[in-house]
Amino acid sequence: MDQVPLLAVASVAKSFGAVAAVRDVSFPLHAGEIHALVGENGAGKSTIVKMLAGVHRPDTGRILLDGRPLELASPADAISEGIAVIYQEPTLFPDLSVAENIVMGRQPRRSLGRVDHRAASRLAADLFVRLGVAIDPGRPARGLSIADQQIVEIAKALSREARVIVMDEPTAALSGVEVERLFAVARSLRDGGAALLFISHRFEEITALCDRVTIMRDGRHVSTDPLDAIGVDEIVRRMVGRPLDTLFPKREVPVGDVVLEVEGLSRAGVFRDVSFQVRAGEIVALAGLVGAGRSEVVQAVFGVDPRDGGTVRVGGTVLRAGSPRAAMAAGIALVPEDRRQQGLVLEASIERNATSTRWRSLARFGLLVGGAERRSAAEWTARLQTKYARLDDPVARLSGGNQQKVVLAKWLSTAPRVLIVDEPTRGIDVGTKAEVHRLLSDLATDGVAIVMVSSELPEVLGMADRVLVMREGHLVAEIARSDANEESVMRAATGQVAA
Amino acid sequence: MSDLMKRFTGWDAAILAVLVLFVIVAGLVVPDFATGRNASFMVLDLAPVLLIALPMTLIIVTGEIDLSVASTLGLSSAVMGALWDGGMSIEVIIPICLVLGAVLGAVNGLFITGFGLPSLAVTIGTLALYRGLAFVVLGDRAVAQFPGSYTEWVIGSSAGIPNLVWPLLVLLLVFGTVLHATPLGRSLFTMGAGVDAARFSGIRVARTKFWLYVVCGAVAALAGVLWTLRYSSARADNGTGLELAVVAAVLLGGVSIFGGRGTLWGVLGGVMLLAAVQNALRLADVSNEALQVVTGLLLIVSVLAPNAVGAIRSAVARRRRRPPPPAPAAPPEPLPVSSDPSPSPAVRSS
């Protein structure tokens, strides 16, 4: 392709602290094409989207529109340059009408600065005709389905003459019919000369809709090819293909008795009929795409989230639902997904955070005096080789990896029989990752039953004895270590039928 | 007890220093301020504020608030008057009032933890409700002639120390120990600073908050009993507006209105400073309206000052450690974009 692309991402890179999210990525986006952007969770897709949306600025590299470098300092800049981003869950004003949402910020005026509601409605109605959808411009945005909200966002983008439309996993929450309608709209936009960047985990959608595909892995650009020149198998291979090295010091451990037994666990609209068992010394991974319901399941097991039905047994004893304290008493520990909100109180000290699960056992005659907390915090942070200046420092001052070690210290100090870790190495550096993996391996050797939720396939494959795969709230596959590979897990997670 | 020493640094120490300074200056400038008689009066004046400030501190530390305390005090006083008027004995009436306070607190707690309503809204509602009930119970009558032995004990003193000092001291020690040296106290700070993290640590947030409101109601009712005995007068409008003084004293004592931070020793300083300022102004013949103005100003200062101090301190700290550490604010990459509120319509509308 010789012509100047409508939009070009040119050698952009972006780091957050020590974590390089995107490194040296380039690809062109041409007018009149639908371009797929694929990669594993954490490959850097979202960061690219945020750079196009003006939310993040690239550390190095540029974004070119018609060959002209752009300075996107804010989302407003991106919009005025004609770049629109449609998110998975749009953010409309619920109490304004559909038409008002579309003209928000640039309302047609009558005399004396009054808003011309009739003109706004007409404009909205025209846009919906162009898109071939039937939405009443006068109705409030509240109560619109996600699919309709996305259409409204697209109409809004059109009203501002957007030429580049980025759709970030738009189909994740849509039904089959709604997906078809969105695709029809996307095709008509393409045929009208717009460039669409389409991000999705569903390969059948990509093959049905897209013209070209750019693959990212570990923040790097892997390839950009016409879709008919590359099969789904090859896409998956390029997305995940990398050797499993010493990052994953998994040891073979003799497996003991069943410790954790989950049976028929359900929560309306979130997950259904989830059953599995974990034995002492076993590491069971819970894999799947973001939004498949994995975190919700483990949080329901721990009792911090509600559940509608099903039972959880630890060592044969049924656990009371909805009580983290009962779960802790039974020996369950949960290292949660969101370290900063759920795992830690950032403004509290390292000591407070590291001991917050065991104050009652550290107290003597009900009183926390005599330095028992300090000793416990010092012991467990030292065991996990946590680097800090003083135990009184707020935990917010630590790096992500050391914060995660404090969370681990907090839970390991309760001597759990069942350790649930949710994204245990998210956002931490490679060295600490390896330490966390070694720690999990050691714990399994000591007979702890481990459940690991992870979106990183190499971690899943490198650490797990068994892989449970969830898709859309259901447990869809159980894969033994010997059969687990990138493709088998990815296929189960995305619902691709094995070839 | 080095831990205790550390707690006295910072805002608490500043408040205590200001208190000492103020007492010295007022003692020199205001006639009759530095007398034993005046000191007893001050104790009587600050007793209800300090009493209610104890559970209020615990509630504010968890990030909630209870504005209905003064109305609970009033309703307790009105019920006490009505029952006394009806011929019941004081030994029965006082426990009834305390239970009533606990029930009123439980109503607050139920709305806040059971239905998940904001405590500010709920307790503004019950502020009006409980005061209204007090007038329903007693109208605008005043009931007097409570047993002399009780009223005399409340206002009396022995060996120059007011009798009320001793129960106040005991309660202060109990609440201080609970807040600063027990698992319960630790969990109050934790839920105030991060309610999600508290839940994920197995802390029973709702249950704990519910019982705090129950205790707060009972203590406010006890304050109502003492108030009634002190003035030997049960009235429905007793203690009107006292909740402001209590909240002002707690915040002045360095407790963060957002929860998660504060000490009971600081609150003691805040209560005493507020009482000393009001007492000195009153001795200096300053009008009641001016007293209100001063209370309001102290409330604002108490909210502003710790924030200002904190801002200055963190600015200094930031300057000291350059380059900044790996920004903890940067999200790890795989966050779903949908959770990022940045490109909201509010931003786009510019």
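Residues are numbered from 1 along each chain as its sequence is written, and chains are lettered from A, with ligands numbered from 1, in the order in which they are written. In this predicted model, local features need pLDDT of at least 70 and side-chain atom pairs count only at pLDDT 80 or more, while totals for chains, interfaces and linings use all residues; side-chain values use heavy atoms, and hydrogens and water are left out.

Chain A is divided into domain 1 (7–92 + 144–240) and domain 2 (258–494). The bounds come from an automatic or database domain assignment. Taken over C-alpha atoms, the centres of the two domains are separated by 33 Å. Contact (heavy atoms within 4.5 Å) links 12 residues of domain 1 with 14 residues of domain 2. The size of an interface is often given as the accessible area lost when the parts come together. Here the buried area is about 1,100 Å², summed over both parts and computed with a 1.4 Å probe. Carbon and sulfur atoms give 56% of that area.

Grid points are joined across faces, edges and corners, and a volume is the space filled by probe spheres set on the points. There are 4 cavities of 30 Å³ or more.

Helices (H or I, at least four residues) and strands (E, at least two) are DSSP runs, numbered from the N terminus. β13 (283–288) and α18 (486–494) of chain A each supply at least two lining residues. The largest share, 3 residues, comes from α18(A).

Met51(A) lies in helix α1 (residues 45–52). Beyond residues up to four places away in sequence, Met51(A) touches several residues, including Val12(A), Ile63(A) and Leu72(A).

Ser295(A) is placed in helix α9 (residues 294–302). Ser295(A) is also buried, with a relative accessible area of 10%. Leaving aside neighbours within four places in sequence, Ser295(A) contacts Glu337(A) and Asp422(A).

Key
1 Å grid on protein atoms, 1.4 Å probe; cavity = no way out; pocket = protein on both sides within 12 Å on 5 of 7 lines; lining within 4 Å. Buried < 20%, exposed > 50% of the residue type's maximum accessible area, 1.4 Å probe, protein only. Buried area = accessible area lost by both parts, 1.4 Å probe.
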